[in-house]
Amino acid sequence: MLYKFYETQRSLMEPFTDLAQSAAKVYANPLSLFGQHPLSQRISAGYDLLHRLGKDYEKPEFGLRTVDVDGVEVAIHERIELKKPFCELRRFKRFTDDVDTLTKLKDQPAVLIVAPLSGHYATLLRDTVKTMLKDHKVYVTDWTNARLVPLSEGTFSLDDYINYVQEFIRHLQSRYGNCHVMSVCQPTVPVLAAVSLMASRGELTPLSMVMMGGPIDARKSPTAVNNLAMNKKIDWFEHNVIYRVPSRFPGAGRKVYPGFLQHSGFVAMNPSNHARSHYDYFKDLIKGDDTSADAHRKFYDEYNAVLDMDAQYYLDTIKVVFQEFNLVNGTWDVKGVDGKVERVHPEDIKNTALLSIEGELDDISGSGQTAAVHTICTGVGKKDQRHIEVEGAGHYGIFAGRRWRDVVYPQVKNFILAYQPKPVAETPVMKASPAPVVTNPEPVQQDPAPAFVLPEAPATAEIKLRMVAPAVVKKAVVKAKKPVVKAKAKAKPSDKLAAPASVSKAAVGKAVASVAEAVKPARKRPTQRHG
């Protein structure tokens, strides 16, 4: 009933929020009659704030069109690489016509960024993705709003989440040989389980794992979020925060943990901060500070856009991560796509480097929760493990904003690069050189022989003949029925290229001329006409 009530209230408010937006524009226009009112700026700011408090926030887009790579602007093409009922694997492919930059891009590491499924869309990691694109091939898990998935697709559990992650890892491995995995907040637990199961089966595991601000061991430094999940029984969550999707959505009838409840929980953690932020926005509009006002809109367009989570997945996460602590206790069993149940053993991971990152002021995943991964992954060598605590950073500061770009990212980049195999230099292939093209080929050199000019040939034609044995000449002459010159001595085998001494040059010349005359086609003598 609560979900239906919320949707009814939102539908009733929608015309008024649209009217407030129009009124804000009218009073902000100095050329309109209302814009001449002395309090027009305040009235416009009030209507604008009312519009933003009551509007429905749709899923934003990543909006990444270009990225700067060492001073070269590289185009970005966002596309869906794999599509599953509850998730899309998105690839941000980079294009450039700069040859040197293109060569550099081809050899960079491939990274799978597993976005959190905890109420916000994957676009919350926009700054993370944009920064990573400078030096990496980037893939992101974009989780689908559960209210948009028809009931015919079945439920979605934490086990399904793990199976999805394994499929995505294998996809990148099939394309690049191997990859690196980065998980932000909630997915640190299922990602570690996915890689552990792959290691236990003897499969190829990622080259490195980067885990940022996640509840690996939620017992350490529990926060307000942890306390709520740990102090209530699983039945309480099932009866108080699980509702069916209203009929106006494709997933009508599906049991979900609604996004608007999660958003209310986020705001309730720091209500005074949000109230102050909206009041500052109101004052910025009055002063005409468009830069600050745009920054406010950009942040809250992302922060207020939330999605529903399938009830089975939500309840599994509460039970496994925050109540029974199955991962750190070694009692977590996961059902694979083949129906086989397997125990998660993080200690089986041996060939994957491990980097954990925490924020000093993180109020969602407390200090030590992410670092606990190093105590359970005993199979990874100490030299392949590293932990970073970012001073002065809250939960979002470790993956977005200035601290992420200036402090965290350079260390993440170097860590991934340290475990990226060096590109193998291609062995040059020896190719046969093409035969030279001769435009004016010289005649083939024959053995030296005397030259004879036939009486019928033009003066410019010269025929080079090889001196032949007299017996051959004699045979040709007899066939042509011409006078022959007989040799007095039979040629010996050793005399094949030289005429016998008994045959004079004159006789040979006469014989050759006779042969030429014999093989020459007969000519018709022209008929003489008398005038």
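**View 1. Helices H2 and H10 make a right-handed crossing.** Handedness here is left if the near helix is turned anticlockwise from the far one by less than a right angle, and right if clockwise. The model is predicted, so local features need pLDDT of at least 70 and side-chain atom pairs pLDDT 80 or more, while totals for chains, interfaces and linings use all residues. Residues are numbered from 1 along each chain as its sequence is written, and side-chain values use heavy atoms, without hydrogens or water. The axes of H2 (residues 40-54) and H10 (residues 271-287) come within 8 Å and cross at roughly 145 degrees; they are lines fitted to C-alpha atoms over the stretch in contact, with angles from 0 to 180 degrees between N-to-C directions. Helices are DSSP runs of H or I, at least four residues, numbered from the N terminus.

**View 2. Here are the residues that join H2 to H10.** Contact (heavy atoms within 4.5 Å) involves Gln41, Arg42, Ala45, Gly46, Asp48, Leu49, Arg52 and Leu53 of H2, meeting His278, Tyr281, Phe282, Leu285 and Ile286 of H10.

**View 3. Take a closer look at Arg297, which lies in H11.** Arg297 is partly exposed, with a relative accessible area of 23%. Leaving aside neighbours within four places in sequence, Arg297 touches Asp48, Arg52, Tyr281 and Leu285. Arg297 and Tyr281 are 16 residues apart in sequence and 8.7 Å apart in space, C-alpha to C-alpha.

Notes. Helix = DSSP H or I, 4+ residues; strand = E, 2+ residues; numbered from the N terminus. Buried < 20%, exposed > 50% of the residue type's maximum accessible area, 1.4 Å probe, protein only.
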